[in-house]
Amino acid sequence: MTASTPVALDPFGADIPAESARLRALGPVVPVELPGGIPAWAPTRYDTLKTLIMDSRVSKDPRKHWSLFPEIGEHPSWGWILGWVGVINMLSTYGPDHTRLRKLVAPSFTARRTESMRTRVEEITAELLSAMEASGASGEPVDLKAGFAYPLPMRVICELFGVPDHLVGDTGRLIAAIMDTSDPSPEHAEFVLEQIGSVLGRLIAYKTERPGDDMTTELIKVRDEEGDRLSDEELLHTLLLVIGAGYETTVNLIGNGVVALLSHPDQLAAVRSGETGWDEVIEEVLRVHPSIATLPLRFAVTDITVDGVTIPAGDAIVTTYAAAGLDPAHYGEDSTEFNAARGTDDHLAFGIGVHRCIGAPLARMEAMTALPALFERFPDLELAAKPEELRQVPSFIALGWQEIPVRLGG
Ligand code: HEM
């Protein structure tokens, strides 16, 4: 196989590290096919990815800069990508539109604003740990994802956005469907597009009738003010992005952290004794197991040559955080090994540049609360399955476990 033959990415993301290594062996930027046969370029090295993300000739606006955008409707198996590029929010805009949409939300997630949520995060953590303790009292395995890693970030983001209990289940199913890239059927794509309008539409209607001290109410006010700061469609899609990104990624950060530590008892002992910091554990989890492995899509505004490969204007590029974090040229020959003592401080798991993650302080604070509290409450916590038996979520985008069966011990 040569670098000019597109490589189909595994729609299930079953072994993202091995796939990254195979692509890296083909070159610094490799033509790939996303599920359903959508063509794109994949940077395979840390430096190459960083150069492309920071290049102002790389856009995130499909409407302006993707030559195949007008053709999506002609390919029934491409419809799933509309959940990512058919929505208008800061993740899919470029230049002044991006700046405008980002400014509406970013100030609510600064380190200082995040710090004010810490007490509430600690309370929810304690409640969930007590509920798990009660359910695991018999010694039978429990699913740590369902009981802890999932509901903690979900409850935090739903409180911030005032999502009422009756919409939480539908919101969770919608985000799971957007992340599931294993089914490129038109029915799946239709379900996602219909649910975006329906679930978030119901949230907006609910908060319009019952305004509160929450971010959905604030964004509705911005839409209703004079001026063009936020359209109806942008409001809907901004809520989709911030609520979805706000919990789904952090669920996997917590879950991936738990599994990494339980499969490396020596490192768990080092963090328990204080030899390694929890912050070091979390940064290393983000490097080796980034919650967003590969993100669709960026676009070349002009022909761009990077590391000797020319990406033609109008072509799509995937943002390959997992490949960058595992690059041996940047992290050494043992780059695929989880080693919290490595002192990682430059991973790209939260992105970099103008689109860098606005929720990084919140995600870190939730993980810094959740992981120490979990291991303190359950000193004998152990996996109830072999690490190789755990199943990755069906996605080339998200990196995380479907279930995490554990015994709580004691
Ligand atoms: C472990 C947790 C998280 C990870 C790994 C993560 C990862 C990322 C990455 C890689 C990007 C950059 C996308 C790009 O370059 O195109 C990003 C952007 C973003 N993240 Fe996060 N994220 C996490 C948590 C959160 C949380 C908690 C929130 C919500 C508050 C959030 C909201 C966003 C938003 C709104 C953007 C878009 C920023 C822009 O395009 O200007 N993320 N995130």
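This is a predicted model: local features need pLDDT of at least 70, side-chain atom pairs count only at pLDDT 80 or more; totals for chains, interfaces and linings use all residues.
## Helix H7 and its cover

Which residues of H7 are buried? They are Val-121, Thr-125, Leu-128, Leu-129 and Met-132. Viewed down the axis of H7, these buried residues fall within an arc of 105°, so they line one face of the helix. The other side of H7 has exposed residues: Thr-119, Glu-123, Ser-130 and Ala-134.

## The length of H7

Helix H7 covers residues 118–135, which is 18 residues. At 1.5 Å a residue, H7 should span 26 Å. Its end C-alpha atoms lie 26 Å apart, so the two values agree.

## The buried face of H2

Helix H2 takes in residues 46–54. Its buried residues are Tyr-46, Thr-48, Leu-49, Leu-52 and Ile-53. Down the axis of H2, they fall within an arc of 165°, so they too line one face of their helix.

## Where H13 meets H15

Two packed helices are described by the angle between their axes and the distance between the axes. Helix H13 (residues 232–262) and helix H15 (residues 278–288) have axes that come within 10 Å. The axes cross at roughly 105°. Angles of 65 to 115 degrees count as roughly perpendicular, so H13 is roughly perpendicular to H15.

H13 contributes Leu-253, Asn-256, Gly-257, Ala-260 and Leu-261 to the contact. H15 contributes Val-281, Ile-282, Val-285 and Leu-286. By class, the contact of H13 with H15 has seven nonpolar residues, two polar ones and no charged ones.

Technical notes:
Residues are numbered from 1 along each chain as its sequence is written. Axes are lines fitted to C-alpha atoms, for helices over the stretch in contact, and angles run from 0 to 180 degrees between N-to-C directions. Helices (H or I, at least four residues) and strands (E, at least two) are DSSP runs, numbered from the N terminus. Angles under 35 degrees count as roughly parallel, over 145 as roughly antiparallel, 65 to 115 as roughly perpendicular and the rest as oblique. Two residues are in contact if their C-beta atoms, placed from the backbone, lie within 7 Å. Ala, Val, Leu, Ile, Met, Phe, Trp, Tyr, Cys and Pro count as nonpolar, Asp, Glu, Lys and Arg as charged, and the others, Gly among them, as polar. The expected span of a helix is 1.5 Å times one less than its number of residues. A residue is buried if 20 or more other C-beta atoms lie within 10 Å of its own, exposed if 12 or fewer, and partly exposed in between; C-beta atoms are placed from the backbone. The arc is that of the directions from the helix axis to the C-beta atoms.
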